[in-house]
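Here are a few exercises to work through with the model open in your viewer. Try each task before you read its solution.

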Amino acid sequence: MDLDAVRTFVAVVDTGRFQDAAADLSITQQAVSKRIAGLEKDLAVRLFTRTARGARLTIDGQAFLPHARELLRVAERAVASVLPGSRPLRVDVIASRSAASGLMRAFHRAHPEIELDVVMLFDVETAVAAIRSGAIDVSFRAVGVPGRPLPEDIESVRVLDEALQLLTGPAHALAGARSVSVAQLAGHRIWMPGIVPGTEWAAYYDDLVAEFGLTIEATGPNFGSDALLDTIADTPALATFMGRETRLVWPAGHGLRRIPVTDPTPVYPHSLLWRRDNPHPALATLRAHLAAAAAGHDAAGTWTPSWVLPR
């Protein structure tokens with residue numbers, strides 16, 4: 001159904017005259033007559049009878065009027081639902097306990113007036129596809145993996161370099177150390193069952209292993225962070241890597257240790273991705289917030305893979 005014709009029908013009802021409806025709609029009286037005639041043809045009924053005083057609704061016109069008004073209200077709501085800023089900003093943070101989730105919590109505290117929808121997608125390809133389709137507005141990812149450049153319509157900016165820490169149980173050989181160098185980790189088993197081949201974090205740890213001769217094992221099923229923490233606490237021969245900003249809670253009896261890694265400190269690069277033509281006004285606010293909070297990148301004494309985008 002032609003909404004312009006429905007809108008014209010309601011205008012004629014409200015003004016009582018075709019000529020007055022034309023003035024309100026900034027169209028000609030002939031255009032008003034043409035729209036009403038087309039609507040009557042579509043509905044196969046007459047909506048008005050002409051009188052000396054203007055236009056009067058027929059019985060069919062009276063029946064159609066409340067539905068016509070509702071059609072226009074629904075159309076207005078439909079348009080409003082996609083106006084920039086009228087819907088929540090949809091953000092992919094990968095995981096609820098990740099550094100990206102922490103960044104968005106801080107943003108929400110600073111800007112509680114901005115509505116957010118938080119989702120958790122798996123890999124960078126899925127996230128990029130969702131950004132390009134409009135399913136989400138932004139995603140936090142490590143970008144620059146060789147052979148997988150970002151599409152031209154996707155922008156990115158590096159927002160956080162997250163230092164890796166070593167997590168050990170109380171009986172691990174390095175548990176008492178205040179810090180450990182990367183060289184000291186050689187020969188120790190680092191267990192990370194959540195690494196999935198083909199993901200950006202798998203590419204990151206592959207380069208870390210190649211650069212420093214480490215032993216990272218991804219064997220066994222991934223039962224989640226609680227099972228990982230239980231195993232690390234009970235197994236003196238195993239340790240794992242954890243980002244400094246990762247928020248995990250474990251029973252006090254586990255006695256787990258988070259130990260800074262140095263000489264150099266491996267850092268995981270988090271970038272914000274968005275579609276270049278995304279008009280959502282909250283996107284600019286988020287980018288400004290993250291830029292103000294950023295502490296710089298590629299600091300002395302840190303390491304990232306060579307493929308990581310520098311900015």
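**Exercise 1. Work out how α1 passes α2, and which residues make the contact.**

Step 1: α1 passes α2 in a right-handed crossing (right-handed if the near helix is turned clockwise from the far one by less than a right angle, left-handed if anticlockwise). Helices (H or I, at least four residues) and strands (E, at least two) are DSSP runs, numbered from the N terminus.

Step 2: look at who touches whom, with contact meaning heavy atoms within 4.5 Å. From α1 you'll find Thr-8, Ala-11, Val-12 and Thr-15, and from α2 Phe-18, Asp-20, Ala-21, Asp-24 and Leu-25.

Step 3: sort that contact of α1 with α2 by class, and you get five nonpolar, two polar and two charged residues. Here Ala, Val, Leu, Ile, Met, Phe, Trp, Tyr, Cys and Pro count as nonpolar, Asp, Glu, Lys and Arg as charged, and the others, Gly among them, as polar.

Step 4: The axes of α1 (residues 3-15) and α2 (residues 18-25) come within 8 Å and cross at roughly 120 degrees; axes are lines fitted to C-alpha atoms, for helices over the stretch in contact, with angles from 0 to 180 degrees between N-to-C directions. α1 and α2 are therefore oblique to each other (under 35 degrees is roughly parallel, over 145 roughly antiparallel, 65 to 115 roughly perpendicular, the rest oblique).

A word on the source: this is a predicted model, where local features need pLDDT of at least 70, side-chain atom pairs count only at pLDDT 80 or more, and totals for chains, interfaces and linings use all residues. Residues are numbered from 1 along each chain as its sequence is written, and side-chain values use heavy atoms, leaving out hydrogens and water.

**Exercise 2. Describe the packing of α5 and α9, then zoom in on Phe-107.**

Step 1: the axes of α5 (residues 99-110) and α9 (residues 281-293) come within 11 Å, crossing at roughly 110 degrees. That makes α5 roughly perpendicular to α9.

Step 2: α5 brings Leu-103, Met-104, Ala-106, Phe-107 and Ala-110 to the contact, while α9 brings Ala-282, Thr-285, Leu-286, His-289 and Leu-290. By class, the contact of α5 with α9 has eight nonpolar, two polar and no charged residues.

Step 3: Phe-107 counts as buried, at 0% relative accessibility (buried is under 20% relative accessible area, exposed over 50%, partly exposed in between, with a 1.4 Å probe and protein chains only). Leaving out residues up to four places away in sequence, Phe-107 touches Ile-114, Leu-116, Ala-282, Thr-285, Leu-286 and His-289.

Step 4: across in α9, His-289 counts as buried too, at 18% relative accessibility.
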